[in-house]
Every structure is written in structure tokens, then in C-alpha cells.
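Please open the model in a viewer and keep the selection panel at hand.

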Amino acid sequence: MCQAIMSKRKAKSVRKPISECITQLHKCLRERFCHDQLPSTLEASEAQHKHLLGLLQRTAIHGESNSALIIGPRGSGKTVLLKCVLRDLLKEKEVQKNLLQVHLNGLLQTDDRIALKEITRQLNLENVVGDKVFGSFAENLVFLLEALKKGDRSSTRPILFVLDEFDLFAHHKNQTLLYNLLDVSQSAQAPVAVVGLTCRLDVLELLEKRVKSRFSHRQIHMLSNLSFSQYQERVASQLSLPDDFPDRSFAEDWNSGVQSLCEDKSVEEILRRHFNFSRDFRSLHMLLMLCLSRISPVNPIIKPADVLEASRMCFTDSTSNMLHGLSILELCLVISMKHLNDVYGGEPFNFQMVYNEFKKFLQRKSNSMYNFEQPVVIKAFEHLQQLELIRPVDGSSAKTQREYQLMKLMLDNSQIIEALHKYPQCPTDIKQWGMSAFA
Amino acid sequence: MKTRQQGEPLRKLKNFEYGAAQVDHENAPILLVAPLPKRSKRKSAQLVSSRIKKQLNLLDEQPKPDLDTEDEEEFVPSNTALYSSSDDEEMIDGDEGELARKGRRRRITERLPPRSEKSPSAARACRKTRSKKGESDTPRHGSPTIPSRLMPAPQPNYVLEVARTRLHVSSVPESLPCREQEFQDIYSFVESKIIDGTGGCMYISGVPGTGKTATVHEVIRCLRNAANADEIPSFHFVEINGMKMTDPHQAYVQILEKLTSQKATADHAASLLEKRFSNPAPRKQTTVLLVDELDLLWTRKQNVMYNLFDWPTRRHSRLVVLTIANTMDLPERIMINRVASRLGLTRMSFQPYGYKQLQQIIMSRLNKIKAFEEDALQLVSRKVAALSGDARRCLDICRRAAELCEHAVARTSVARLVGMDHVMDALNEMFSSSYIASIKFASVQEQLFLRAVIAEFRRLGLEEATFQQVLIQHQALCRVEGLQSTGVSEVLAVCQRLGACRLLLLETSRLGILQRIRLNVSQDDVLYALKSD
């Protein structure tokens, strides 16, 4: 229906009001950034794609049992790789009719009992009525293994097990599920392919030795070896509009705008900083999303200032931002703690020490403007603890009196200095006191 | 292999009918099968043995060539009939839903004989057992199967593909090479026990992938052939695996089900088995019980292990228990004295394969197919023998090398054997650690952080530092490298990312900048990875 409307519009007029174009633009790009739309080709991980596709093809078509692990840091495109491979695999009709898929996630299936129920449900075995799985845990396991055992290579439909967050499955009791799945993949039973996705490099060391022996040690590493120029190209291609955008001229304008944006020197600098920080595309999408949200009919093109602003939002230090919101008294306490840290080399302190330090400051420097009662100061101290800017050294809070409980400051000196600079209307004497020990 | 696969469904099937008949017997006075001798004392034992004998006679009389489809269909109708007749009160909707959903089974029910043929007493008995056991045994009535594919998978065509299929770990050869001695020992042990009609235990140990389970299966296969040829008395074979159970006590349930296809709770099954193995019965067959992954049957009181090893010592048990585990000193380490003493001293350990043996295994698998170069095979077997001696690993590497060769052939369209280069690639893929590569491909800040960690370690002379200390080094390094200054939370994010992929070991992230950091890789590896770019 949408298509029809769009084509009608296209027929009516080529040039549309700018607000409508912007809406379309938002829809198109937001889908790309937030919904993890699959790319048509994977340039960066061509070899991995080929390896995995070949592996799954042999399972789906020839009934060969396999197991593999996809390992890579978070946001490196493991799930995208798997989804792309499945999409390409299911293009074949034969595979589409035969392949059974079971998707498990270590965060959802937190123990073998739940995982087993989920497998039974997704395979739609015969002890499933509606959506409910009958039988106890032990019966379910026996039933599933019996079912798998009856199968053979050439006549049973192949099953693909996808275990997302594979390392969490290794923490299950006895690793029963992993043992059984991998054992099926290594014996003459129903053909299965077990594909695990994980971000831990040491995942094989988590496996018990009999489980490890049954795993085929095929590891597909998602390591992105991309250079900065490729990164820039990626930014440009992610931002530019596709050819089938309804309004051609708007799309062309937009794309040329993106092109010139990427050539801008200041933008390049920002992008390089992001590239140095992390190479995963998820954080890049975050940046682009922040840029995109500033686009409106008034401001129809991304300017370098927008990128700068978005980057600033990405990189703000949340803790020193929190310091800006403290009251003067709390800031004073933080400064005294900083001084205590400097003097005593990071030893833990208690409230009395902080309070004495604060009183020294009052006696030495100031008039009685900040001469608060002790209960007020305690309140401020507790507020700092609630914000987790300070933290008790040992967890036993009930045993000792709160004035004498040992604490540690969870801020770095640089954060405090930065906060002092940016604090709105900071009194000069406090600022001086804060900076004084910094030499 | 073939004979067992044919034999077992048949026995199970007959047993099931027998089980149903027994239920019948308990409730109604009419006996369906055979008139009994009037020795009320041992009535049940007599009944059991005569039934078993009868089934076996049946089994011997009509050996069916193909049992996969027809028998199952023959078997299912009565089964579904029981099911539906007993289900009337309880789960009508569920039953209907299930029938509607599964065309195959509905077809079968339609072909049923009318229910009136069944004697009312039988129906009542069934209903009784069903309500007794509750809804939870619905799966028993379903036949556990994975649906079959539309057309069978294509057979492998050309040489490399055939080689790959044969190299798959699952295609166990008829006779295992390099395990002749072990085979002979186990064979003679079990054979002598079967012939003498006594019981005994044996403990088999060895690291994973040295052919323990496969050898025992081969022994059983040969013994079964011998039994079929009437050279030795026939015997039952029951296999349980500690890893395939949810709880050690499930062992009883599985043994009982495989022996008599009865279902019971763990306690009930234990008492039934106890009765079975301690009471004398004439013409009782020997049972060979294979317990794989024995260490998983450990419980605090060790009563499961105790029972398993105690039954063979009974006078009338006729039970041979073969136990398999990985560690050689398992009896001394985890078993209490009375269990270890009952296990006895008949032990055998499987040594890891040497390189010649591994080579021989691959050669026998390939079975004169010329797919591998001689040197390539030797390299694989030497590498694996040096590391673990695991035959599975060896076969996996060969299979991967064949795959790589296949890709190369597809690319260049020049037929060739699997050579050294392919094997080297496969070995690198499977054995090499990925830490170095992942450090190499990490982002600049991540690499810088690792360098800061090492610098701080050097300064402290310790292998541990807090984040706060590393941060100072990191910021100094940033200034040296001329990078923009970084905020604390940014560096913290870098550190968390390295921790997530386990290049660093971190404390909980709640500690913020106070958390302590360790390296999960050696410092030399990190320096090597950082230097080479």
C-alpha cells in the first residue's frame, strides 16, 4: 500500500514540500541505524561469510553435522553476519523447505531446563501441545535425545542451533546442554549445525574437556581490519539516501551535502577521534543518530557543527557532569577529600577526617559564610554516598558508626579540577582552595 | 551396528506390549499370555522370565528386515487408541488440538480398529494407570522423531567430498585400528562373565577422544554377533551416559526403562532394579551395563555408584558393569572406600594416540581413497599427537583441510590432492590463539590502554593495578602520542570493552575507577602484537 501511495505521489509531482521529504529521510535512515537493517553485501567480512555459508550449506544440503563459533568484540557484526548467511542460505528452495532452526540466547535461557523447553517448542516435537511443553526436565531431555538419535544423515531434516551469548551456556550446570548438542553433531544421528556467538576470546577455556573435545574447533573471528578512509566511506554510505527515495532531487541534494560534509576538515577530525576510540559500527550509528535527530525542515542538512555537538554528547564525562549539580557544601567536601587523598596517598578516610579538613579551610581562609552545623555536613556526606561518588571500603555498613566508616573517593583528580572550572558561579575562595594543592 | 539398530526397536516394541499386558494382569484376573505354574511365591519373577523368554522367541522367529516405518505404524495405533480412550475426561481440547495439528497421527487414528474390539477391562486398566501417572507422561505416547526431509540428501560424488564424509567423526569404522589390545581385553572380560553367568565391574579411563566408547561399542557388537551365532548365551545391553541425565538418580529410571520399558520414579525404579538383580531367577540373561561419564554420577552419599557396583556382587545378578571416565585415579579421588572396593581392580586405561596411530586411523578411514599427500597426513598426526592425542581433533583438522582444498580446486579448477599448505592453514585456524590478532586489530585507544597497563605493571613491579593508576599512564601516553585528551568515562569504556573480550580481567564495573586490572595474556604477547604493526 505504501508503495502504491508513493508511486502515486511520484506521478503527481516530483518536487514535494520539504517537511515531507524530511519525514521520509528520517524514516529511511532511522530504520538503517536503529533496526539493524541487513546490508546487501558484507564487504568487511567476505571470508567469514563464505566460510560460514559453506558450513551451513553442507549441513542443510548434504546433512553433514558441524559446529562453529563466531567470536568477535561487541558490535563487530556477528549477528549481522549470521543473519546475512541465513538470508543467502534460505534463498535456495531446497534448503528453505528442509532446514529447521532453533534460536537460543544465553540471556533468556538461563538454565538447561528453560533451554530444553525452548528447543522442544521451537522444534515442535510431539510432546508440545499448543505452546506448552509437557513432561519433567529429565523426560524432556530423554525425549529430545531419543528424537535426535532416531534421525540419520540422509533422511532427517537438518537442524540449525544458534546459541547467542554462547559463553553463558558454558556456565550451566555440568554443561549438559552443550555436551549433548555437540555430541549429536559428532555422532551418526540427526544432522545438526551448532553455531555459537560470543564476544569472549577465552571461550574455549570455559568448556569442560569432554565438551571441548566434541567441539570441532572451527572459530570464525570477526576482526575488522578497516582503515580510516574505509571508515569515512562507511559514514558517507550510511548517511546517503538510496536510489529509490521518492524525491530524486532532494536525495541528490542530500547526498552531495553528505559528501561535502565528509570532506570537511573538522568533521574528519571528529571522525578520526571516534575511529581511534572504537572501530565498531554500533557506536558510529549512535553518533550518526544524534546528528540525524537535529535535522528538521528549518535545518535540512547536516552541518559540521551538528557533528561536533553530537560527538560532544557521545564523549561527555558523566561523573564530572554530576559534580556540576552538587551544592557548594558538597563540593567543599569533595575538595577536602581530594586533599586528603593527595596528602595520604589514596588511603581511605572517614567523615571526621573530611570534616576536620573542611573546618581547617574555614578557619584559615574564609569568613563564616559556610559555617554549617555538623548534622548538615553529615547529610551532605551521605548524599555523596548515595550518588556513589564515595564508597565504603568494606560492605559492612551496620557495624561501625557512620562518622567513622572508612570511605574511598571514586573520582579522579582531573575530574574534580574540570568540574571546578565549569561549576556555575563557583566562589573564588573555594576555587582557589580546590586548586591550591594541585601543584 | 546394523544388528543392534534392528534389534532394539523390535525388543522395545514387544516389551511395550508386554508392559501393557502386565498392567492388564494386575487389574483383571484373566491372563492373556500364558498359563502360569502355580507357585504363588515367585509368581511375578516367573511371569517376568517367561514373558522375556517368549518375546525373545518371537524375536528370533520373525526377524524383520526393515522395522523403521511399518512396525512403527503398526505399533502406534494401539498406542494412540490407549491414549485417546484414556484421555476422554482429562484433556479433550489438548488431544483434539494435537490431532488436528498432526496429520500423520490423525491418519493413523482413522485407520484404527473400532474401540469396541478392546476388552473393557483393558481400557479401564489403562485409564487407571494414566490417571495415576498424571498428565506429565504425554510425551510417552508421542513417538519422538524429527520430521524427515522431502528428498534424501545427495550422496557425495567426487573424491574430496567422499573423503570429507569419511573423515567426519560420526562415521565410525567397522573395526577400530590401533585399539586391538584393549578390544581383546574388554572382549575377553565380558565374554567370560557372560559364559560363566557371573557379574563383574570394569573401569576404563582415558582422555577424551581416545576411542573408549567406540571400543566398548565394538565389543558389544561383536558379542552380539557371537550371541546370534549361538556361540555364547544371549544378553541384554543397556547404555547410560552421565552427561545425558539431569540428575544422577535418573540413572535408575533409564536403566529400568531400557530393560523393561517401564516408567517409574527414581526411587521406585531403584527398588525394582534392586529386586530384579538380587532375586534368583532361572534362565535369567546376563545384562551388560555401560556407564559412560561415570564422574557425573557422583552424589554426596554416592548411593548411585554404590548400587551400580554392588549389584554385580550379588549372587544372582548376572550383571556386568563397564564404566568409562576420563581420569585414571577417579576411584581413589572421589569414591568412598566401600564404593571403590566394590569397583574392584579390573581397570584399563586408554593411552593417547601416538602419531603413527593417528596416521593409521586416518588411512583406514580414507580406505585407499587418494585424497591426501603423505606428508600432509604426517604433519597433522604429528601436530595432534604432540598436543593432545585426540583423534577427534585430528579428523576435524583433516576435514577442514579437505574443505580448504576443495575451495582452492573450485577457484583454480585444477584437481589436486590435499597438500601441506592446506593442512598448515587448517592447523593455524584451529590451534592458533586469537589474542594476538585481536590486539592487532583493536582501535588506537585500546592499544594505548594495553600499553598503559604494561607500563604501570612495570612501574609497580606487580601484575595488578587499579584503573586510577593506569589512567595516569594512559593520559601521559596520549600526550606523548599527540592524541586528543580523553575523559575518564571514555577510558573506562575502553577498559570495559577490553574486559568484555577477556584481554583484561576486571573486577565488577560498580567499583568504577577503583577496580583492579589484570592482563589475561602474557605481557610478551601484548608487546609482540603492538610492535609488529
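Select chain B. Of its 533 residues, 50% count as buried. The coordinates belong to a predicted model. Colouring chain B by secondary structure brings out 24 helices and eight strands. The chain exposes about 25,900 Å², and carbon and sulfur atoms supply 53% of that area.

Is Ala410(B) buried or exposed? The relative accessibility of Ala410(B) is 64%, so this residue counts as exposed, the cut-off for that class being over 50%. Ala410(B) and Lys244(B) are 166 residues apart along the chain, and their C-alpha atoms are separated by 41 Å.

Now display chain A together with chain B and select the residues in contact. Chain A contributes 91 residues and chain B contributes 89. Between the two chains, about 8,000 Å² is buried, with 53% of this area coming from carbon and sulfur atoms. On chain A, pick Glu126(A), Leu201(A) and Arg210(A): they supply 10% of the area that chain A buries against chain B, more than any other three residues.

Turn to the polar side of the interface. There are 35 residue pairs in polar contact between chain A and chain B, counting pairs with both residues at pLDDT 80 or more. Helix α7 of chain A, residues 137-150, gives the most to the side of chain A that touches chain B, namely 11 residues. Coloured by class, that side of chain A shows 31 nonpolar, 31 polar and 29 charged residues. Salt bridges across the interface number 11. For one example, select Glu403(B) and Arg58(A), whose side chains meet in a salt bridge at 2.5 Å, N to O.

Finish at Arg149(B), in the loop between α7 (138-141) and α8 (159-167) of chain B. Which class of accessibility does Arg149(B) fall into? With a relative accessible area of 6%, Arg149(B) is buried, because the limit for that class is under 20%. Show the neighbours of Arg149(B): among those it touches are Gly63(A), Glu94(A), Asn98(A), Arg157(A) and Pro158(A). The side chain of Arg149(B) also reaches two backbone oxygens of chain A, that of Ile61(A) at 3.0 Å and that of Ala60(A) at 3.3 Å.

Technical notes:
Residues are numbered from 1 along each chain as its sequence is written. Chains are lettered from A and ligands numbered from 1 in the order in which they are written. This is a predicted model: local features need pLDDT of at least 70, side-chain atom pairs count only at pLDDT 80 or more; totals for chains, interfaces and linings use all residues. Side-chain values use heavy atoms; hydrogens and water are left out. Helices (H or I, at least four residues) and strands (E, at least two) are DSSP runs, numbered from the N terminus. Buried means under 20% relative accessible area, exposed over 50%, partly exposed in between (1.4 Å probe, protein chains only). Accessible areas come from the Shrake-Rupley method with a 1.4 Å probe; for residues, only the protein chains shown count as cover. Contact means heavy atoms within 4.5 Å. Buried area is the accessible area (1.4 Å probe) that two parts lose on being put together, summed over both. A salt bridge is a side-chain nitrogen of Lys or Arg within 4 Å of a carboxyl oxygen of Asp or Glu. A polar contact is a pair of N or O atoms within 3.5 Å; within protein, one must be able to donate a hydrogen and the other to accept it, and residues adjacent in sequence count only if both atoms are side-chain atoms. Ala, Val, Leu, Ile, Met, Phe, Trp, Tyr, Cys and Pro count as nonpolar, Asp, Glu, Lys and Arg as charged, and the others, Gly among them, as polar. Lists of a residue's contacts leave out its neighbours within four places in sequence.
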